[in-house]
Every structure is written in C-alpha cells, then in structure tokens.
Amino acid sequence: MTLENIIQSNIAEEFKQIAKKVYNEERITEEEGILLFEKADLNYLGSLANYIREKKHGSTTYFNKNFHIEPTNICVFDCKFCAYSKLLREKTDYDAWEMNEEQIYDKIRSYDGQEVTEVHIVGGVHPKMGLQYFANLIQNIKKIRPSLHVKAFTAVELEYMCRKAKVSYQEGLQLLKDHGQDSLPGGGAEIFAEHIREEICKDKCNSDQWLEIHETAHKVGMPSNATMLYGHIESYADRVDHMNRLRNLQDKTGGFNTFIPLKYRNGNNQMSHIGEVSVLEDLRTYAVARIFMDNFPHLKAYWPMIGRATAQLTLNYGVNDIDGTIDDTTKIYSMAGAEEQSPNMTTEQLVNLIKQVNRRPVERDSVYNVLKDYSEEVFEKAEA
Ligand code: V47
Ligand code: SF4
C-alpha cells in the first residue's frame, strides 16, 4: 500500500498520525517508536520504511568490496553473548588465535591486484596490543596499500587502548588518525540501557563512553557507524532508547554514516538458553529503525549475521546497504550460530542477490561515494 493510501484508509488514528509524520518528513517520538514495535502491522511498517528508503535512495542498494582482519580473539572482557572471545589464560585453546604483524601484512598483500577498497579491523581486546602498536600497524598497512580505507577498532577496543596508554580519547583517536586510520566501525554498542548492559556485558566500556568516543571521532574528522544488538533480553523500550541516544548524538555531530541492527545469535555463548527472534521480528526491527533514525543516511543489513535470504527481504523494509564481499576466514560469525561459515561473496553473487529483488546494485566506497553502478553489468564468466 502506498503512504497516501495508508493516510486515507481507516486504520487507527495513532498510526495515521505516524504515517502523516513520515509523509511530511517529521520526526517520530520515542513513545511512537515503542508503539510501532508493540502494535504496528508488518505491512504498514514495511510501507513506511520503504517510502523513506526510496525517498532517500530510490532503489539503489549499496555494497562495497572489503575484507576483514581480526588480529586476535583473546579478550580481557567476557560479554555473555560473545561466542568468539578467549581469555588470555585460554591462549592454548585450539580456538584461540593471535596474528603477528607479519601475518597481518601478508593478509593485506594477499589482496594485491584485487579491487578491494576497505579493510575492517576489529578483534578481542588483547591486553598486550596497545595504542602505539595499533598506530604503527595502521601506518605500515597504509605503506603497503595507501589507497585502502582503514575502518578499525570498536569503541570498546579504543576505550581500553586509551585507558592503558593514559591518554584522552581525543589524543588517542588523533594519533590513530595521524597514522592513517580513516573511520570507526559500529561495534560494541550492544544496548545502551544500563540495566541490560549490566546483565550482558558489564565489564566493558559503558554507554556514555561509547557515545563519547564516537563523538570525539567525529570531532577529529573520522566518521563512524553504529550498531544495536537486538533480540535477547532487551525490551522494545530499550531498543527505542538505544536508537534515541544515537539520534541525539547524530543531531550534534552528523558523523554517523550507517545504522546496523545486529540480530542476537545464540550459538556457543553464555546466553544460549535465550531463543533467537523470528525473521518477521528482524524485518520489524529494520523497519522501525528506518522510520525512527531519520537523521541516519543509511541502514545496513549485515548479511553474514542474518543470512542472505533475510538480507534480501530487508531491502523492502528500509535497508539500502548490505555491506560487502567481506572475505572473512575467521570464525566470529559461525561460532555464534550464523548460517555463514566463512563469509564471503563474489561481486557477481552480491550483485545478483540485489538484482533478484529488483534493486539497483551500486558499489560504494567507505563513505558512500559511488564507485560503479552494476545494474547493466553482464559478468563475462562465472567467478570461481
Ligand atoms: O559489537 C557479538 C556483535 C559486533 C554476537 O561498522 C553478536 O560496518 C549477534 O559491529 N550475536 C561486532 N551479534 C560486529 C560489528 C560490525 C559488523 C559488521 C560491520 C560493522 C560496521 C560492524 O558483533 C559486536 C556485537 O554486537 N556480536 N556476538 C552474537 N552472538
Ligand atoms: Fe571481547 Fe568484544 Fe567478545 Fe565482548 S564482544 S568478549 S569485548 S570480543
């Protein structure tokens, strides 16, 4: 149904008002956000979210050519939802890994001649890998491949690095920027509501610190993303509170590119008894996010976490970005129970995934400059 039809239909007045706000590009309140989660029909949510998505981006669906490096999964923290980390004392465990510098540089060099534009570097918070180590690492990565955009370190890693180095967030982030870091990924946000954070990840950086680190990054000229881990013990009010804190910060800085809802997966962690939410709940969450986060330019579905089929569906529920080729050889996602064992997609596969649902595949760089429109692309031969 079109938005005009919704506004003229005989749906409940409260939903009509929200539809009118969307039509007039007015912001919805936190109470309205909660109402959408609690009572709105999925088709209604999809119509509103898709209206916004198409107004902002038409049918363009962005992807990029990227790869991930996780230097280590050894971590001083012990988040209950994490299937991936190992404490230092478990270092001999066959699932624990630590890459040395040369291994990291070899990984960068292994992409010589390939068209990747971004490396995403995040990992466990290793007590022996500090700020200066990472600054030098980034500087050397840039020497090997100067054009590569380095999106690195969650606020959780950054809080620990700055604390250990006894520098302010501004000093730490400026140092990393001066050594070549370009932007921050959105991880570590989880859910900002303090009572939930206390339950699921009480020992790592708190919500105010997460927000302050991103605010500081924006101030020193590094854009960032924001995530929300949903579908565990949080309430709808907690999800809306989370999005509201991000919306407020975005009003202040304008430094966020993308919002990425991350579905909680329950494999191999200390919260495995909590079931996973349904695909319908995923779609509702993306749609409400698109409606609520009016000042976030992009909404991303991270396909390794939700799977390719759900990622395709989200493109009708507000999503306009499905991340990239990824080429991840480590186990961060499969260990948490995601469908993708070692996620990577060729450009052809990504393009086809987007085209199958009548969207326009466009390769972007890390800050959403258009690199190539793939809508008319004919692939010469099947990629391996
Ligand atoms: O913060 C950990 C999440 C995040 C689980 O910025 C889990 O472009 C679900 O932030 N179930 C890290 N999620 C990944 C991340 C990210 C990924 C891709 C792109 C970008 C970006 C950012 O992974 C963590 C946490 O919220 N996570 N365990 C789990 N069991
Ligand atoms: Fe460490 Fe991050 Fe896992 Fe938490 S989610 S235990 S900070 S690797």
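Predicted model: local features only at pLDDT ≥ 70, side-chain atom pairs only at ≥ 80, totals over all residues.
The chain falls into domain 1, residues 3–54, and domain 2, residues 57–373. Their C-alpha centres are 29 Å apart. Contact between them involves 22 residues of domain 1 and 32 residues of domain 2.

The size of an interface is often expressed as the accessible area that is lost when the parts come together. Here, domain 1 and domain 2 bury about 2,300 Å² between them, and 61% of this lies on carbon and sulfur atoms. Of the area that domain 1 buries against domain 2, Arg27, Phe37 and Arg53 supply 42%, more than any other three residues.

| Interaction between domain 1 and domain 2 | Count |
|---|---|
| Salt bridges | three salt bridges |
| Polar contacts | 16 residue pairs |

On the side of domain 1 that touches domain 2, helix H3 (30–39) and helix H4 (42–57) each supply at least two residues. H4 gives the largest share of that side, with nine residues. By class, the residues of this side of domain 1 comprise eleven nonpolar, four polar and seven charged.

A salt bridge also joins the side chains of Arg359 and Glu54, with an N to O distance of 2.7 Å.

**The surroundings of ligand 2**

The residues around ligand 2 are Cys75, Phe77, Cys79, Phe81, Cys82, Tyr84, Ser85, Gly124, Val156 and Lys204. Seven residues of this shell are nonpolar, two are polar and one is charged.

Key:
Residues numbered from 1 in each chain as written. Chains lettered and ligands numbered in written order. Heavy atoms only, no water. Near = heavy atom within 4 Å. Nonpolar A, V, L, I, M, F, W, Y, C, P; charged D, E, K, R; others polar. Domains from an automatic or database assignment. Contact = heavy atoms within 4.5 Å. Buried area = accessible area lost by both parts, 1.4 Å probe. Salt bridge = Lys/Arg side-chain N within 4 Å of Asp/Glu carboxyl O. Polar contact = N/O pair within 3.5 Å; in protein donor to acceptor, adjacent residues only side chain to side chain. Helix = DSSP H or I, 4+ residues; strand = E, 2+ residues; numbered from the N terminus.
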